[in-house]
Amino acid sequence: MYDLTVIIPTFKEEANIRNIITEVDAVFKQNNLNGEILVVDDNSPDGTILIVNEIKKKMANVNIIIRLADHGLSQSVAEGFIHASSDILVVIDADLSHPPFLIPVMYSEIMDGNDIVIGSRYMEGGGIRKWPIKRRIISLGATFLGRLLFPDVSDPVSGFFAVRKSVIVNAPLKPRGYKILLEVLGKGIWEKDKEIPFEFVDREIGSSKLKLKTIIEYIQQVIDIALFSLSHHQSATWKEWKKAIKFGLVGISGIVVNMGVLWYLTEYVGLYYLVSSLFAIELSILNNFIWNDIWTFNSEISHKLTSRWHRLISFHAVSFGGLIINMGILFLLTSVGGVYYLISNFIGILVGFVWNFIMNRRITWTKM
Ligand code: GDD
Ligand code: MN
C-alpha cells in the first residue's frame with residue numbers, strides 16, 4: 001500500500017510525460033514518501049503511452065490506465081480516483097504547470113486532518129505566469145461562478161489538489177469538462193479544506209485543449225452542483241444556501257424595522273418623513289448587521305480575524321452599494337424603460353440583495 005497516489009491525466013503529452021514522472025518521483029524520494037504515480041491516458045495517438053510503458057519497466061511505482069471510451073479530463077481523473085492504491089490522492093497536470101515540490105506539503109496537510117488541499121493561484125503568494133489576457137478573463141469568470149458555490153475557496157477550479165479518498169468514495173461524481181475539483185467540492189463529503197499558494201506556469205510544449213464547449217459544460221456543472229446541494233444537506237454548498245436564506249430573513253426583519261421607525265418618527269415624534277427615513281435606514285442597517293453577525297455568519301472565522309467595528313463599517317459600505325444598485329435599477333427600469341415603479345423596485349431589491357449577500361460574504365464575513 002502506498003502513502004499517496006499522484007494522478008496525472010494525459011492526452012498527447014509525449015513531450016512532457018517523462019519530465020513530470022521524473023520530477024514527481026524525485027520529490028517522493030527527497031521526502032521519503034512511498035508514492036504511486038498513476039497516469040490516466042485517453043488513448044493518446046502520440047508516444048505518451050509508449051513512453052510510460054517504457055518507464056514502467058524500470059519504476060515499479062508507475063502505472064498507467066488507458067481509457068478507450070468517454071474521453072475527457074474530469075472523467076480520467078475520476079477513474080484515477082477509483083484505481084488508486086492509496087487513501088490520499090493528488091492530481092497534477094502533465095505539462096509542468098503545477099510545481100511537484102508542493103506534493104509533500106499537500107500530503108502532510110491531509111495527514112494533519114484536512115480533507116481537501118487546493119493549490120491556489122488566487123491567494124497571496126500564488127499567481128499565473130505566461131497567460132494571454134483572454135485566458136485570464138475566462139478563468140476569472142469561472143472562478144467567480146465557482147466561488148458562488150464555495151465562497152471560502154479562492155481557487156475552486158484549480159487543477160492541482162489533494163483529496164482524502166473517503167471524501168469521494170461514496171460521492172455521486174458526474175465528471176465532465178475540466179473542473180473535477182468543483183465536482184469534488186460539490187458532491188464530496190468533507191469538513192476541512194486548506195489552500196496553499198502556487199504559481200501556475202503555462203505549458204511550454206503542446207497546446208491547451210480548452211474549448212467553448214468546455215465553458216458551457218462548466219456552467220451546467222455549476223447549476224448541477226447548486227441543485228444537488230438542495231437535497232444533500234451535508235454538502236458545503238448547502239451551508240451557503242442556509243446562509244443566504246438566513247440573510248434573506250434578516251433582510252425582511254430590516255424592512256419591518258425600517259417601516260416601523262419611519263412610521264413612529266413621522267407620526268409620534270413629528271419629524272419630516274425624509275428625515276425619519278434617514279434614521280429608519282440606519283437603524284435597519286444596524287438591525288441587519290447585528291443579526292447577521294451573531295446568527296447568519298456566527299461561525300465564520302472572520303470573527304477571529306477582524307473586530308466587530310471593522311465588520312460594521314464594511315457592512316455599511318456594502319449596504320450603501322446595495323442602495324445605489326437598488327435605486328439605479330428603479331430609475332433605469334422606470335424612467336428609461338417605462339416599467340411600473342413597484343415592479344422596478346422589486347427587481348432592484350432582488351439585485352441589491354444578491355449584491356449585499358455576495359459582497360458581505362466576500363468582504364465582511366470571510367475567511368480570507
Ligand atoms: N486523460 C485526459 N483526457 N487528459 C487530458 C484531457 C483529456 O481529454 N485533456 C487534457 N488532459 C490533461 C493534459 O494532458 C494535462 O496533463 C492536463 O490534463 C491539463 O490539460 P491542459 O490542456 O494543459 O489544461 P489547461 O492548462 O488549459 O488547464 C489547467 O488549468 C485549469 C485552471 O485554469 C488544468 O489544470 C485544469 O484542470 C484547470 O482547471
Ligand atoms: Mn496546461
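This is a predicted model: local features need pLDDT of at least 70, side-chain atom pairs count only at pLDDT 80 or more; totals for chains, interfaces and linings use all residues.
## Overall build

The protein has 368 residues, of which 48% count as buried, and its secondary structure consists of 13 helices and nine strands. Taken along the principal axes, the box filled by the C-alpha atoms is roughly 90 × 45 × 35 Å. When contacts between residues at least 6 apart in sequence are considered, 76% of them join residues at least 24 apart.

## Nonpolar cores

The largest nonpolar core holds 35 residues, and the members that touch the most others within it are Leu4, Val6, Ile8, Ile21 and Ile103. At least two residues of this core come from each of strand 1 (4-10), helix 1 (17-30), strand 2 (35-41), helix 2 (48-58), strand 3 (62-66), strand 4 (88-91) and helix 4 (103-111). Helix 1 gives the most to this core, supplying five residues.

## Helix 7 and helix 8

Helix 7 (residues 180-187) packs with helix 8 (residues 212-231) at an angle of about 5°, and their axes are 10 Å apart. Because angles under 35 degrees count as roughly parallel, helix 7 is described as roughly parallel to helix 8.

From helix 7 the contact involves Leu182, Glu183, Gly186 and Lys187, while helix 8 contributes Tyr218, Gln221, Val222, Asp224, Ile225 and Phe228. Sorted by class, this contact of helix 7 with helix 8 has five nonpolar, two polar and three charged residues.

## Helix 10 and helix 12

The crossing in which helix 10 passes helix 12 is right-handed.

On the side of helix 10, the residues that take part are Glu282, Ile285, Leu286, Asn288, Phe289, Asn292, Asp293 and Ile294, and they meet Arg308, Arg311, Leu312, Phe315, His316 and Ser319 in helix 12. By class, the contact of helix 10 with helix 12 comprises six nonpolar, four polar and four charged residues.

Definitions and conventions:
Residues are numbered from 1 along each chain as its sequence is written. Chains are lettered from A and ligands numbered from 1 in the order in which they are written. Side-chain values use heavy atoms; hydrogens and water are left out. A crossing is left-handed if the near helix is turned anticlockwise from the far one by less than a right angle, and right-handed if clockwise. Helices (H or I, at least four residues) and strands (E, at least two) are DSSP runs, numbered from the N terminus. Contact means heavy atoms within 4.5 Å. Ala, Val, Leu, Ile, Met, Phe, Trp, Tyr, Cys and Pro count as nonpolar, Asp, Glu, Lys and Arg as charged, and the others, Gly among them, as polar. A nonpolar core is a set of buried Ala, Val, Leu, Ile, Met, Phe, Trp, Tyr and Cys residues joined through side-chain atoms within 4.5 Å. Buried means under 20% relative accessible area, exposed over 50%, partly exposed in between (1.4 Å probe, protein chains only). Axes are lines fitted to C-alpha atoms, for helices over the stretch in contact, and angles run from 0 to 180 degrees between N-to-C directions. Angles under 35 degrees count as roughly parallel, over 145 as roughly antiparallel, 65 to 115 as roughly perpendicular and the rest as oblique.
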